[in-house]
Amino acid sequence: MVLVLHCESILHIKEGSRMTRFLVKRLVGLIFIVLGVTFITFILGYFAPGDPIKESMGDHFNPVLWQNLRHAYGFDLPWYQQYLNYLVKLAHFDLGTSFHPQQRPVWDILKDGVPISVELSLWGTIVTLLMGVPIGIIAAIKANTWVDTLNMGVALVLYALPSFILAVFVQILVLWIDKTGIGWPVSGWGESWQYSWSDLQYKIVPILTYGAAGYAYYARLTRSTMLEVLRQDFVRTARAKGLPERTVVFRHALRNAIIPLITAIGLLLGLLVTGSFFIENIFSIPGIANITVAAVSQRNYPVIQATTIMVAIGVVFGNLLSDILYGVVDPRIKSE
């Protein structure tokens, strides 16, 4: 008995050390990916045509002031020195200084918009999964019936519509319904992370639009993966043993079909900060979408670099979460 417990403890220690090594390797790889993204965005901004400082000065161009601003931003240094200075600031969680308005920290510009974008994307992601995964499972179970045809028909229409077109249609629908005098808002967001009725009136429509735009993809993906698994021999064996259909579907089929979904969900979670650009623009939500679009038109490269890095960090950590969930769902992957 003591020997068995000792062996089990050794196995647990080995398993823990194996998981630790895996996470360390993944984190090191993710750091190099983020560094690669920072280098690419920096080089693209460095070699981009035009002078953002000169353009920001407009008709009030002053050579002396222009030289002083170039020195203040470090533009008079070689490109490699500028990049190293940028990495040093980034290591201290300093995203740089904006060109528009001048000398304002980038985080001060983004800090009000990031919570709103995360809130919209998070609730939209929850709606997407709560709609897409169950409907995909039902469509697979009822394959080639009117239930499957109806669900996949709706999903195909929503999948074919770009999110910004869907958002415009929803706004038109709300305006048409609003003729009855409901007074439902079609733009704005309300207070971030507040859920009074007045705040919910602003948030419900954009969140549902976000969820509907993504639901179609996950419904179709869930259906296709479930159908593939339901045709496997182990599912036929489980049914032949007389197991209840619910047990066959959820305990045997869904657990194997969910692995491709985890990859897609990891990417979806990785885009929480920037996954709602079109929705924010159409509904005039004060997230980071409008800030980023304005930064592109103004060639405000520090803001563009900051949002790009947010996307990169979100995606790589979403992929890391997916890798961890693989081992949770399928022990065979965990052992490998």
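Analyst: **A helix and its neighbours**

Gln201 is buried, because its relative accessible area is 17% (buried means under 20% relative accessible area, exposed over 50% and partly exposed in between, using a 1.4 Å probe and protein chains only). The model is predicted, so local features need pLDDT of at least 70 and side-chain atom pairs count only at pLDDT 80 or more, whereas totals for chains, interfaces and linings use all residues. Residues are numbered from 1 along each chain as its sequence is written, and side-chain values use heavy atoms, with hydrogens and water left out.

Gln201 belongs to helix 9, which comprises residues 197-230. Helices here are DSSP runs of H or I with at least four residues, strands are runs of E with at least two, and both are numbered from the N terminus. Leaving aside residues up to four places away in sequence, Gln201 touches Trp184 and Pro185; contact means heavy atoms within 4.5 Å.

An unreviewed UniProt entry annotates several spans as "transmembrane region", among them residues 200-218. Such positions are given in the numbering used here, feature names are shortened, and annotations may be inferred rather than shown by experiment. In the model, the span 200-218 is 100% helix and 0% strand, with its end C-alpha atoms 26 Å apart.

Two helices that pack against helix 9 can now be considered. Two packed helices are described by the angle between their axes and the distance between the axes. Axes are lines fitted to C-alpha atoms, for helices over the stretch in contact, and angles run from 0 to 180 degrees between N-to-C directions.

Helix 7 (residues 146-160) packs against helix 9 at an angle of about 135°, and the axes are 8 Å apart. Helix 7 is therefore oblique to helix 9 (angles under 35 degrees count as roughly parallel, over 145 as roughly antiparallel, 65 to 115 as roughly perpendicular and the rest as oblique). Their crossing is left-handed, a term used if the near helix is turned anticlockwise from the far one by less than a right angle, with right-handed used if clockwise. Residues of helix 7 in this contact include Asp148, Asn151 and Tyr159, and those of helix 9 include Ala212, Arg220 and Arg223. By class, the contact has eleven nonpolar, one polar and three charged residues. Here Ala, Val, Leu, Ile, Met, Phe, Trp, Tyr, Cys and Pro count as nonpolar, Asp, Glu, Lys and Arg as charged, and the others, Gly among them, as polar.

Pro162 is partly exposed, as its relative accessible area is 36%. Pro162 and Ala213 are 51 residues apart in sequence, yet their C-alpha atoms are 7.7 Å apart in space.

Helix 8 also meets helix 9: their axes come within 10 Å and cross at roughly 140°. This angle makes helix 8 oblique to helix 9, and the crossing is right-handed. Ser163, Leu166, Ala167, Val170 and Val174 of helix 8 make the contact with Val205, Thr209, Ala212 and Ala213 of helix 9. These residues divide into seven nonpolar, two polar and no charged.

Finally, the setting of this part may be given. Helix 7 also packs with helix 6 (residues 113-141), their axes coming within 8 Å and crossing at roughly 145°. The chain has 15 helices and two strands, and buried residues make up 38% of its 336 residues.
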